Protein chains: 2
Amino acid sequence: MSLIVLGTVALDDVKTPFGFKKDLLGGSASHFSMSARLFTKVELVAVIGEDFPGRFIDFLSRKGVVIDSLQRCGGKTFHWSGKYEGDLNAAITLNTELGVLASFRPEVTSSQKRIKNVFLANVDPDLQRHFLRQMISPRLVGLDTMNYWINNKRASLIRLLKEVHVFVANDQEARSLSGETNLIKAAAYLRSLGPKMVVIKKGEHGCLVQSRDFTAAIPAYPHHKVIDPTGAGDTFAGGFMGYLSRARGLDLSNVKRAAVYGTVAASFNVEGFGLTRTAHLTSDDLERRLREFRRVASF
Amino acid sequence: MSLIVLGTVALDDVKTPFGFKKDLLGGSASHFSMSARLFTKVELVAVIGEDFPGRFIDFLSRKGVVIDSLQRCGGKTFHWSGKYEGDLNAAITLNTELGVLASFRPEVTSSQKRIKNVFLANVDPDLQRHFLRQMISPRLVGLDTMNYWINNKRASLIRLLKEVHVFVANDQEARSLSGETNLIKAAAYLRSLGPKMVVIKKGEHGCLVQSRDFTAAIPAYPHHKVIDPTGAGDTFAGGFMGYLSRARGLDLSNVKRAAVYGTVAASFNVEGFGLTRTAHLTSDDLERRLREFRRVASF
């Protein structure tokens, strides 16, 4: 079944110990789509400015991402500049230019309103809510956010969480929103806000997924080749939601498998700048690495 | 096959958000033995002072730990005081009184010299070396250390690593000794110093085990009930080495299983102060939790 994602399509400037790249195609919705497309049809809802290169639009289409609701507005595309130092786990934001994102109102086509699987990637929770209101009867709603919204739009975010099935957060966000340092307790608190399931992404340390009935733990794929982690969390979410979009329910077996696919997809993302590596990814690549991952991490 | 461990037997004062306990039986060799005993016969080599309670000696014997080389010397028992705050992953040392440990020279009986499996728990690398020199033809030698020795006896430690098969370190120690932030690269560097295998313990994030042929990743048992993590790393090492002492080799399957047993043993350790929980642990308890761990972490 199709999956619709609301998020950002951005131009990124990224500096890591392995180089500096300008004007990469980035943003939460781009990274999410690049892995989710390997599981299901993905429809992308985002905004771009007048400066957004046509080749990136062609690229998204060529990858099978439906861009009927990719709005182009007057102004500049959302632009993020960041760097990573020694420990590539933590991005340091150098600059954020919202551009057209500042006045974005997401709108979907009438056929898109009937899509059953929805992911609200990281944007203002009020935009996430405006978008979700347009969906007629979603079966699976996932949401990601960031510390900025936790600190500045906490009430909006908490209200929205009541309408969400799967809340995806990184460890810092989970701790910050819950006030708990133990991540298992943090997940339990976050579930009490509404979501049936909480996914805590821990970067190089893997992830935890908690529902009422279980807490699953999956390590990261052990990788020495980390070139640029930008978008790894979104790539994980794309694999996770992509797999669940075609699965029958949120039972432990499906959820572990979704987390493993998300982990494997993210392990490719970090191997190159931006979408370099995930742009060329095939289902065969995923399956091959999944077998290797199982060999070293399953027991 | 038997396993001999050199390490500390200590009296610990521990403060965590869940309470304060004085004069607990602690030390690397005590915690190690409490899990290793579930896999094989464990012989303990350590020193205690005049103040060491007889009931703790009886306790170790009752648990099947061979204490023929537990020396009692004039002076005070090694005493550690520490606390844990919000994030129970990191111990804050408040005070260390070496006491009889300062002049300890480990000596083993003639029959102990023939024991094939050896673990050098955290003590001065010169003591570890002095002890290892007495062993006639060890088949499996493991070693743990701490940042203090990495900073203050680096040359001794590096020399000793050439004689070790399995080097067990936590993430900070691995980064500090290797100068690498990526833990996979850190493990590769540490292997270049001699050990066939490097185990990196990451506390709540599980562990990595690297040999020439593989890097295995096992998450921690997802646990909300962390009361006192003191000795969790030693308990892990006890399970890991205990399992390998009776296994046929260091292949991936054995090593993953050893890491899983270490993880499961450590998951009990953190549930109570000191040895409270591991003192009563049975093989059945381990197997039961292993099944639950597999359910939520294997795929």
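In the contact between the two chains, 29 residues of chain A meet 29 residues of chain B, where two residues are in contact if their C-beta atoms, placed from the backbone, lie within 7 Å. This is a predicted model, in which local features need pLDDT of at least 70 and side-chain atom pairs count only at pLDDT 80 or more, while totals for chains, interfaces and linings use all residues. Residues are numbered from 1 along each chain as its sequence is written, and chains are lettered from A and ligands numbered from 1 in the order in which they are written.

On the side of chain A that touches chain B, the elements giving two or more residues are helix H7 (183-192), strand E13 (215-218), helix H9 (252-269) and helix H10 (283-297) of chain A; helices (H or I, at least four residues) and strands (E, at least two) are DSSP runs, numbered from the N terminus. E13(A) gives the most, with four residues. By class, that side of chain A has 14 nonpolar, nine polar and six charged residues, with Ala, Val, Leu, Ile, Met, Phe, Trp, Tyr, Cys and Pro counted as nonpolar, Asp, Glu, Lys and Arg as charged, and the others, Gly among them, as polar.
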